[in-house]
Amino acid sequence: MAGATETIATFIARTSLADLPPDAPEKAAKAIADTFAVILAGAGSEVTEPLLHYARTAGESGVSPILGTGMTATAEMAALVNGTFGHALDYDDVLAIMPAHPSTIILSAVLASLDGKRASGKAFLEAYVLGIEIGGRIGLGMTQGHYRRGFHATGTLALFSGLAALAKLHGLDVPTTRQAFGIAASMASGLRRNFGTMTKPLHSGIAARSALTALRLAQSGFEAAPDILEAPSGFFSTYGVEESDPDAAVRDLGRPFVIADPGLALKKFPCCYATHRAMDGLLALRSKLGFDATAVDRIVCRMPPGGMRVLTYPRPATGLEGKFSLPYTLAAGALDGKYTLETFSDAAVRRPEIERFYARIQAAEDPSCRGDDPHFEKRSSGSRGFVEVEVRLRDGRTDRVRVDKAPGSPTRDLTWDELRTKFMDCARHSRRITQDAAGRAFEAIRNIENADDIGSIVRLLR
């Protein structure tokens, strides 16, 4: 009987675009548009200066583009930098069953792997969907216990998303794919202690680079354990918990495809996904009641058990910390009535009026927000149970709202118009891409299935 590593390698080799559900290409195209957007926005973030300084001092030239900068680099450096840009603002997609942000790793690794060669839109979509499938299934097999141990699954598990996409796009056979997985498993890394620092998005960059390195080493004949996922002292037994099961990762490959069910969540707000339902609820109440910050007596936010696990900064001092702060996001929503990329700048977080508003916020986990979901313990912080937001105004009015699903979640899909708004805002944040070029690139991505060469999109966004 084939083990998990061989089963995955065989599935990658044998699956094609014709096997995918009818809605998979559009879902993938939306996620790809979203990912290009957040990489551009990341090119205008605080990680850019030190990261590009590192890239320049490496002293190596190459033809692989670093999006939004006008620079090129070696393939592995471009994968590292683009991958880091894509997660720099915590604005990229979420696959809750991992839980991780796989698309930035897939896109960054694939673009870097081309070295100027052509790749059709159909080939790209096929590779992308398989990357989502393999990373998601490995996440299911590992269980949420892997994340709770302190691992950042974007670095440890989405690495395999990037590698699966590369293996498909570059036509690796089954034995070579198994070797590549063996190599990549020894590169898996990422610790949650670095949340709120520049090193959290670096996990994405390292994963993209490692996926590409593993591919090229395997193509060159480099050897590794061919049963790395299931073997004793292999990936599952070392990185997992008692409930982790490599067989569970391959039992239902493609039945249904992860891109269709449970699907990806595309972020409406540029911060940790665990805050999004609370933010959505607050904006809904603000719109309904027509209040501003001066009218608020108290905001009460009730979160499900485990819903605040990753929200580790009750009083953030930087924009990065603000992305992982429930009190800050609530205060900012009450004061500003909207959330933009600028909401999570250092200056916005350090406003005196924000500091004063914290006294009016009460946020805590509440067992009553667990709900009756039998899979509650398998859900991520941003998708388990439900969230309640209550606003008490100084004129005596009180109202509350329950939010079960975040905007942009698979059952509250972002529209193409909403994605275009996000895409153009992200392009502005890059400071280098014109709105005309961004608009043309967005329309090309929307029709990526018909593209002869995805390089035409990349050239617009360099």
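**Exercise 1. How many disulfides does the count come to by the distance rule?**

Solution. The structure is a predicted model, in which local features need pLDDT of at least 70, side-chain atom pairs count only at pLDDT 80 or more, and totals for chains, interfaces and linings use all residues. Residues are numbered from 1 along each chain as its sequence is written, and side-chain values use heavy atoms, with hydrogens and water left out.

Step 1. State the rule: a disulfide is a pair of cysteine sulfur atoms within 2.5 Å. By this rule the count is zero.

Step 2. Examine Cys301, which is in no disulfide; its nearest cysteine sulfur belongs to Cys369, 8.1 Å away. Seen from Cys369, the closest cysteine sulfur is that of Cys301, and 8.1 Å is too far for a bond.

Step 3. Consider accessibility, where buried means under 20% relative accessible area, exposed over 50%, and partly exposed in between (1.4 Å probe, protein chains only). Cys301 counts as buried because its relative accessibility is 2%. Cys369 is likewise buried, at 0%.

**Exercise 2. Determine the strand order of the open four-stranded sheet and identify which strands stand at its edges.**

Solution. Step 1. Two strands pair if DSSP finds at least two bridges between them.

Step 1. Read the order, which is β4-β3-β5-β6, with mixed pairing. The edge positions belong to β4 (361-365) and β6 (398-403); each has a single partner strand, so one side of each lacks a neighbour in the sheet. From one strand to the next, the twist averages 10 degrees; angles run from 0 to 180 degrees between N-to-C directions, and axes are lines fitted to C-alpha atoms, for helices over the stretch in contact.

Step 2. Assign the pairings. Strands β5 (residues 387-393) and β6 are antiparallel over six bridges, and Val391 stands opposite Asp399 in β6. Strands β3 and β5 also run antiparallel, joined by six bridges, with Cys301 opposite Val389 in β5. Strands β3 and β4 run parallel and are joined by five bridges; here Ile299 stands opposite Ile361 in β4.

**Exercise 3. Which residues have the most contacts inside the largest nonpolar core?**

Solution. Step 1. Define the core as a set of buried Ala, Val, Leu, Ile, Met, Phe, Trp, Tyr and Cys residues joined through side-chain atoms within 4.5 Å.

Step 1. The largest such core has 157 residues, and Phe36 and Phe181 have the most contacts inside it. Helix α2 (residues 24-42) contributes the largest share, twelve residues.

Step 2. List partners of Phe181, taking contact as heavy atoms within 4.5 Å. Residues up to four places away in sequence aside, Phe181 touches, among others, Ile8, Ile134, Phe160 and Leu229.

**Exercise 4. Is Ser64 buried or exposed, and what does its side chain reach?**

Solution. Step 1. Ser64 lies in strand β1 (residues 64-66). With a relative accessible area of 2%, Ser64 is buried.

Step 1. A polar contact is a pair of N or O atoms within 3.5 Å; within protein, one must be able to donate a hydrogen and the other to accept it, and residues adjacent in sequence count only if both atoms are side-chain atoms. The Ser64 side chain reaches the backbone oxygen of Ala112 at 3.4 Å.

Step 2. Beyond its neighbours within four places in sequence, Ser64 has contacts including Met71, Thr74, Ala112 and Asp115.

Note on methods:
Helices (H or I, at least four residues) and strands (E, at least two) are DSSP runs, numbered from the N terminus. Contact means heavy atoms within 4.5 Å.
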